[in-house]
Amino acid sequence: MCDKDDIPSSICIIHLLFPSNMTKRPGDQGQATTPVREPLNVDSLCRWMSQQPALSALLSPSQQSSNLSIRQFGFGQSNPTYQLMFQDCTLVLRKKPSITAHASAHALHREYRILQALRQHNQQHPLQQVPVPQVYAYCSDTTILGAEFYIMEFVPGRIFTDPALPGLSEDDRRAAFRNTIVVLKNLHHAVDWKQLGLADYGKQGRYVERQLERLMAVSRRQSALMMNDEDPNLIPALAQQLVRYAQQCPQSKLSLLHGDFKMDNLVFHPTEPRIIAVLDWELSTLGDGLCDLANLSMMYFISPDQVGISGIAGRTVPGIPSRQELVQLYSAQDFDTAWAWSGFYLAFLFFKNAVIVQGVAQRHQQGVASSATARHVGALLPQIVQQAQQLLQEYPPPPWSRL
């Protein structure tokens with residue numbers, strides 16, 4: 001099993017830093033497609049699909065490769081993702097890259113497992129749902145398409161790459177954010193991961209401390225390969241500060257985590273301000289729910305014009321709650337603790353991204369970066385570290401926790 005204490009590959013952050021602006025209608029960007037950029041063996045795929053009971057029930061015998069149209073999603077996929085359009089059915093194929101930068105990255109088997117488990121939860125608890133697409137079949141045989149993949153339901157809707165939710169009314173923005181928090185709370189508090197057979201889905205206890213230990217080890221390896229372009233104390237100094245605080249952070253009730261919970265991983269109903277699917281579960285694990293809340297809250301500290309990523313810092317958008325209101329919605333019964341520690345959790349998330357960006361910069365220096373934009377990504381490192389340090393200064397943990 002993939003150890004999700006491992007730091008993900010740098011490819012996992014590329015969509016965070018460089019979203020697509022391929023369409024102009026609000027909510028369309030996240031489901032925009034392009035012609036296929038990484039070809040698939042269509043004949044091999046169709047033969048395999050015809051042998052899968054769940055897929056053969058959807059596709060008639062006449063659904064052959066000759067009437068299959070394929071497009072590739074253009075936004076934010078660390079795993080190549082395709083739209084399979086048959087005459088009477090549209091599906092999604094999510095594939096592991098043929099070449100990966102990290103052994104534990106692109107954990108499609110984990111995605112498939114958690115989507116199955118959450119569909120089971122939703123059937124058992126229709127009033128406490130975490131909406132996800134239905135999955136139909138998983139293929140571990142790399143001879144079919146050159147890498148593992150799975151097939152799931154296509155959920156048509158709106159994916160907002162701008163967290164300001166352009167095009168929505170004030171009331172709909174407010175309702176969309178409230179529904180977002182409802183779904184997040186359902187994930188953390190309503191999903192019985194033990195009953196769903198997920199007790200082995202992640203290590204239990206000391207989640208933030210273990211993450212920091214792993215991140216620091218990765219950063220040391222990356223720094224050793226760097227050609228002295230970075231301040232050698234930039235990341236270690238921040239890490240040491242976070243480690244001291246982590247020893248006393250609240251460690252909220254162990255729960256199922258999404259791992260990258262943010263607006264552009266949510267599919268909203270085509271016309272209503274409610275979530276109909278949560279996507280991109282490859283970083284899911286068991287851990288501290290306040291990390292998911294902090295991940296969502298990063299948008300408050302990212303400006304709209306920051307390189308490639310849209311936030312709402314400096315913007316007043318009618319209907320969008322303040323960060324304090326967002327924490328209140330999530331932690332109504334334990335708001336004081338959640339708010340007091342919110343700066344720490346945000347700093348931790350920015351630190352995590354700093355380590356990933358450092359890896360992008362290191363690979364760019366060595367000439368093995370997977371993206372043409374790697375040089376620009378690496379240049380963000382000092383800015384991200386500075387943001388984390390500023391968060392700790394402006395929103396320090398409670399005084400009694402300082403060591």
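# Exercises on helix packing and a pocket

Helix H7 (residues 207-225) and helix H8 (residues 234-246) pack at an angle of about 165°, with their axes 10 Å apart. This value, like those below, is computed from a predicted model.

**Exercise 1.** Determine how H7 and H8 are oriented to each other, and describe their contact.

Solution.
- Step 1. Take the angle between the axes of H7 and H8, which is about 165°.
- Step 2. Angles over 145 degrees count as roughly antiparallel, and therefore H7 and H8 are roughly antiparallel to each other.
- Step 3. H7 and H8 cross in a left-handed sense.
- Step 4. On the H7 side, the contact consists of Val 208, Glu 209, Leu 212, Met 216 and Ser 219; on the H8 side, of Ile 235, Ala 239, Leu 242, Val 243 and Ala 246.
- Step 5. Sorted by class, the contact of H7 with H8 has eight nonpolar residues, one polar and one charged.

**Exercise 2.** Describe how H6 packs against H9, and list the residues in the contact.

Solution.
- Step 1. The axes of H6 and H9 are 10 Å apart, and the angle at which these helices pack is about 160°.
- Step 2. That angle makes H6 roughly antiparallel to H9.
- Step 3. The crossing of H6 past H9 is right-handed.
- Step 4. H6 contributes Thr 180, Ile 181, Leu 184, Leu 187 and His 188 to the contact, and H9 contributes Gly 289, Asp 292, Leu 293 and Leu 296.
- Step 5. Five of the residues in the contact of H6 with H9 are nonpolar, three are polar and one is charged.

**Exercise 3.** Work out the orientation of H6 and helix H10 (residues 323-330).

Solution.
- Step 1. H6 and H10 pack at an angle of about 45°, and their axes are 9 Å apart.
- Step 2. Angles under 35 degrees count as roughly parallel, and 65 to 115 as roughly perpendicular. H6 and H10 are therefore oblique to each other.
- Step 3. H6 and H10 have a right-handed crossing.
- Step 4. The H6 residues in the contact are Phe 177, Arg 178, Ile 181, Leu 184, Lys 185, His 188 and His 189, and those of H10 are Leu 326, Leu 329 and Tyr 330.
- Step 5. The class counts for the contact of H6 with H10 are six nonpolar, two polar and two charged.

**Exercise 4.** Describe the lining of the second largest pocket, and say which helix gives the most to it.

Solution.
- Step 1. The space in the second largest pocket is about 290 Å³.
- Step 2. Its lining has 17 residues, with His 189, Ser 252, Tyr 330, Ser 331 and Asp 334 nearest the centre.
- Step 3. Helix H6 (170-190), helix H9 (289-297) and helix H11 (335-340) each supply at least two lining residues.
- Step 4. H6 gives the most, with three residues.
- Step 5. By class, five lining residues are nonpolar, nine are polar and three are charged.

Note on methods. Residues numbered from 1 in each chain as written. Predicted model: local features only at pLDDT ≥ 70, side-chain atom pairs only at ≥ 80, totals over all residues. Heavy atoms only, no water. 1 Å grid on protein atoms, 1.4 Å probe; cavity = no way out; pocket = protein on both sides within 12 Å on 5 of 7 lines; lining within 4 Å. Points joined across faces, edges and corners; volume = space filled by probe spheres on them. Helix = DSSP H or I, 4+ residues; strand = E, 2+ residues; numbered from the N terminus. Nonpolar A, V, L, I, M, F, W, Y, C, P; charged D, E, K, R; others polar. Axes fitted to C-alpha atoms, helices over the stretch in contact; angles between N-to-C directions. Left-handed = near helix turned anticlockwise from the far one by under 90°. Contact = heavy atoms within 4.5 Å.
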